[in-house]
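This briefing goes through one chain by topic. Please keep the sequence and the structure in view while reading.

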Amino acid sequence: RYNIITAITSASGQLCIFYTIKEFGPIVFTIIMTTRQMLSICISAMLFGHQISLKAASGAAVVFGVLFYQIRRKYQARQSKKMNDSNRGAI
């Protein structure tokens, strides 16, 4: 019985992953999964009284910083491409 439930939830999860990557791209999926993991760590630390070291918090800040930098860079590239495409159409 538990094998069937595990199989269904696993297949559903894979479908959600596929849909998210298809519709929003791998960067958004990475942000979703990283955010989920960070929330899990923070909730676990609060519930069970674990301490998050300065080194761990610094590592998380670096990871989030890099991810958001990549998103910003891709967003700016898309905006630049749209501007170039609209300028070509006006000529």
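G49 sits in the loop that joins helix 2 and helix 3. The model is a predicted one, and G49 is classed as exposed in it, at a relative accessible area of 55%.

- G49 counts as exposed because its relative accessible area of 55% is over the 50% cut-off.
- From G49 to V66 the C-alpha distance is 29 Å, with a sequence separation of 17 residues.

- V66 belongs to helix 3, and its relative accessible area of 45% makes V66 partly exposed.
- A57 is another residue of helix 3.
- The relative accessibility of A57 is 40%, so A57 is partly exposed, the class between the cut-offs of 20% and 50%.
- Between A57 and T9 there are 31 Å from C-alpha to C-alpha and 48 residues in sequence.

**Positive patch**
- A surface patch of positive charge is formed by R73, K74, R78 and K82.
- Of these residues, R73 is placed in helix 3, which covers residues 54-90.
- R73 has a relative accessible area of 46% and is therefore partly exposed.

- I43 is partly exposed because its relative accessible area is 43%, which is over the 30% required of a patch residue.

**Confidence of the prediction**
- The mean pLDDT over the chain is 85, and 97% of the residues reach at least 70.
- Helix 1, residues 2-24, has the highest mean pLDDT among the elements of the chain, at 93.
- The lowest mean pLDDT among the elements, 81, belongs to helix 3.
- Helix 3 is also where R73, A57 and V66 are found.

Key: Residues are numbered from 1 along each chain as its sequence is written. This is a predicted model: local features need pLDDT of at least 70, side-chain atom pairs count only at pLDDT 80 or more; totals for chains, interfaces and linings use all residues. Side-chain values use heavy atoms; hydrogens and water are left out. Patches are made of residues with over 30% relative accessible area and no salt bridge: like charges are joined within 9 Å, nonpolar side chains (Val, Leu, Ile, Met, Phe, Trp, Tyr) within 5 Å. Accessible areas come from the Shrake-Rupley method with a 1.4 Å probe; for residues, only the protein chains shown count as cover. A salt bridge is a side-chain nitrogen of Lys or Arg within 4 Å of a carboxyl oxygen of Asp or Glu. Lys and Arg count as positive and Asp and Glu as negative; His and the chain ends are not counted. The place of a charge is taken as NZ of Lys, CZ of Arg, CG of Asp or CD of Glu. Helices (H or I, at least four residues) and strands (E, at least two) are DSSP runs, numbered from the N terminus. Buried means under 20% relative accessible area, exposed over 50%, partly exposed in between (1.4 Å probe, protein chains only). pLDDT is the predictor's confidence in each residue, from 0 to 100.
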